[in-house]
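Take a look at the model below. We will go through it ligand by ligand.

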Amino acid sequence: MTHLHYHTCNLCEAMCGIEVEHNGDDIHAIRGDKADPFSRGHICPKAVALQDLHNDPDRLRHPVKRTADGWVPISWDEALDETAQRLHDIQRAHGNNAVSLYLGNPTAHNHGALFMLLPFTWALNTRQRFSATSTDQLPHQLATYQLFGHQALFPIPDIDRTDYFMIIGGNPLVSNGSIMTVPDVKNRLKALQSRGGKLVVVDPRRTETAQLANEHHFVRPGTDVYLLLALVQVLYAELLVAPGRIDGLLDGKQTLEKLVAPWTPEKVAEAVGIPAETIRTLARDIANAPSAAVYSRVGVTTSAHGSLSAWLVYVINILTGNLDRQGGVMFTNPAFDVVSMSGLSGDTGSFDAYRSRVNGYPEFGGEFPVTAMADEMLTPGRGQIKAFISHAGNPVLSCPDGNKLDRALSGLDFMVSIDFYINETTRHADIILPPTGQLEHGQFDPIFQAVAVRNVVKYTPPLVPRPEGMLHDWEILLGLTSRLNRLNARSRRNRLKFAATDRFIRTLGDRGIIDLGLRLGPYGSGGKALAELREKGLHTLPKVAWRLLRGNSGGLTLKRLEAAPHGIDLGPLVPMLPQRLYTPNQRINLVPALYNRALQGLPVPDAPQGNQLLMIGRRHLRSNNSWMHNSQRLIKGKGRFNAMLHPVDAERLGVQEGADVLISGSAGSITLPATLSDDIMPGVVSVPHGWGHDRAGVQLGIARSTAGSSINDVLGTERVEAVTAMAQLNGIPVTLAPA
Ligand SMILES: Nc1nc2c(c(=O)[nH]1)N[C@H]1C(S)=C(S)[C@@H](COP(=O)(O)OP(=O)(O)OC[C@H]3O[C@@H](n4cnc5c(=O)[nH]c(N)nc54)[C@H](O)[C@@H]3O)O[C@H]1N2
Ligand SMILES: Nc1nc2c(c(=O)[nH]1)N[C@H]1C(S)=C(S)[C@@H](COP(=O)(O)OP(=O)(O)OC[C@H]3O[C@@H](n4cnc5c(=O)[nH]c(N)nc54)[C@H](O)[C@@H]3O)O[C@H]1N2
Ligand code: SF4
Ligand SMILES: [Mo]
């Protein structure tokens, strides 16, 4: 018997609906779900590979422990007990900060894990927390925190209605959108063009997205900040500043005018690589378009001046009247409103409340940047990291200086990984706790629904019931949380309190929490109650929660959502200001002090030096950061691990198409084949990240057979962004020579 099951692909942020034809575990086909109102049948090749992940013989299905004779299976009780006890003992002996935690990218795609993060981090009570945020979107979050008062209140391009869309350092045709959940992005961009709109891409490479665009401008890596300053300068100089409806909410317009005055297009043009007159035209086009959305992503946030750049992009949208306007950048009104829920508990974000021990780097949202991680493990003293927990991450391949981290991890007293693969990172663990796979748990996307280009909501149940002897991520994290709390509880009262929390979560389960969130959200009947609570400044969520759950309410519930297996479209984005602001005075200060300070310290850009080569990254549609490389169907075909450089540079350096080159940076060297292309700016070399699976002990049969090494073995941890100390992954000076 063949069944059709509707699910959501959770491999990237696009949330594509899929139709799985299957008989139990036996998957016959995976197709796009044409009835999903948001993704409209779109999928990419990775969705089909979900079946390879599901069937992968290398995927762990029970906890394992490292012994002198290799990995041996152990029971869940033994694994969870031993892990909690080891962590507890290390904290007793060396202080709470001796235990550290790293959260990888898929944590954000797993609602169960997300729901457990707060209780789990409370139980750990350590300042040594890290995540992929600091190799990714931290500057965006800092900017939303500073401007709008909440670290997750992102303005999202209204791509379906905009007249002008500028993408700086993003390649949605390959990445399928990021902090902009936008399935079927190619057709949406084509629709923009056929209604007379303009797509403009600013990128050191003529990317897949740039090839579709009406205009593409090469920009020298790391110089976006100067381009953006000049755009703002032109807006003021040519009297194009017109914030429109939100003008009355703004502070700092004059301060900003003075700050940008020196940054004329002429001053920056040579360094940026874009003529002054073109910069002027760009500013005029943004200002004069009936509506415009300016958007920046990874190429900008992981570069030298990511914080200033991310801030300036939002500023340009504000100054041109495009914030909170149809066709501009808008806030979402999600059914499960993570922003207002965390806002209610008073947790809107934090920055630089304390600093890291060794490097003195600022925390953001309770985490230190990953650039501090290895040093915190390797540097002796009170607070040195002795134990490490990795959840859904592979920092050895994804963070700068993988070899240093390798060294640091192998010197720890204890390491546990919550992951279903023995990869470059988890091979260092003492215990691995594997969760259920993507089709074995339900799928709900509290984060990505909150950054989608339409208000949408969807829940899909698991394809197959949780296999016997397996646990979901949230159950593993709850198992550890309960045990740690029990070990930590000094009084009977505390023990009872922890037991009650444990019972609360276990009774609700992930589904109960989704249901609760929906009821409390803007489309649930409890949304009003939540708004009232917020007005009263009350923080007693659980009590209200129980009442709402028992009551029979009229609004959106999980049950109603499940009756719509393809998801529910709640309509286009709507204006949300000023109510949505979390700033204390519900106003927007255009020039928060930290950006003002950073601008004072911004060096005047150098003219490009003759033979300098700057390395940037590159993503591929059939790859997903450092994983999904164990699928034959994804990795087959032309090799993609190569260094792309311009023929002019190749000639200067004596490099032939296809020949091996040695790329060296501050942390080391890698060898890889060169590919020559006019699509890359002269002086720039592009290398993909996430490869290099040949490290000893990696148990990924197919991935190991692929060629390649890790770009992050070239990048050092010392190159940090000035404001946040987050990793610089783009625009890195390297040398290149024939191998
Ligand atoms: N040089 C360079 N480095 C980069 C980047 C770059 O552009 N250039 N990009 C950066 C960015 S944006 C990011 S987000 C990071 C990503 O970096 P990481 O998050 O550290 O690494 P991933 O490659 O995403 O590894 C994901 C891991 O999660 C596991 N996993 C998958 N699903 C689940 C699940 O449901 N539960 C659990 N428990 N585990 C799961 C996989 O097996 C895999 O081991 O890389 C960063 N590193
Ligand atoms: N297929 C696939 N999809 C993915 C992922 C994947 O690995 N594979 N990863 C997912 C993750 S974790 C994320 S965070 C998103 C990222 O989503 P995007 O940001 O859209 O992805 P990238 O392809 O890294 O795009 C970054 C672009 O910045 C350019 N760039 C580099 N340096 C600079 C610079 O200094 N200035 C400017 N203006 N541009 C620069 C690069 O050439 C590149 O085109 O993608 C997600 N989707
Ligand atoms: S674009 Fe591909 S990987 Fe991303 S959600 Fe859709 S099918 Fe999955
Ligand atoms: Mo990312």
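How many residues surround ligand 1, and which are the closest? There are 30, and the closest are Tyr 102, Asn 105, Ser 398, Asp 419 and Ser 626. A residue counts here if one of its heavy atoms lies within 4 Å of the ligand. This is a predicted model, where local features need pLDDT of at least 70, side-chain atom pairs count only at pLDDT 80 or more, and totals for chains, interfaces and linings use all residues. Residues are numbered from 1 along each chain as its sequence is written, chains are lettered from A and ligands numbered from 1 in the order written, and side-chain values use heavy atoms, without hydrogens and water.

The side chain of Tyr 102 puts an N or O atom 2.7 Å from an oxygen atom of ligand 1. The side chain of Asn 712 has one 2.9 Å from a nitrogen atom of the ligand. The protein covers 98% of the 920 Å² of accessible area that ligand 1 has on its own (Shrake-Rupley method, 1.4 Å probe).

The shell draws at least three residues from each of domain 2 (64-132 + 339-491) and domain 5 (613-738). Those bounds come from an automatic or database domain assignment.

Terms used
Polar contact = N/O pair within 3.5 Å; in protein donor to acceptor, adjacent residues only side chain to side chain.
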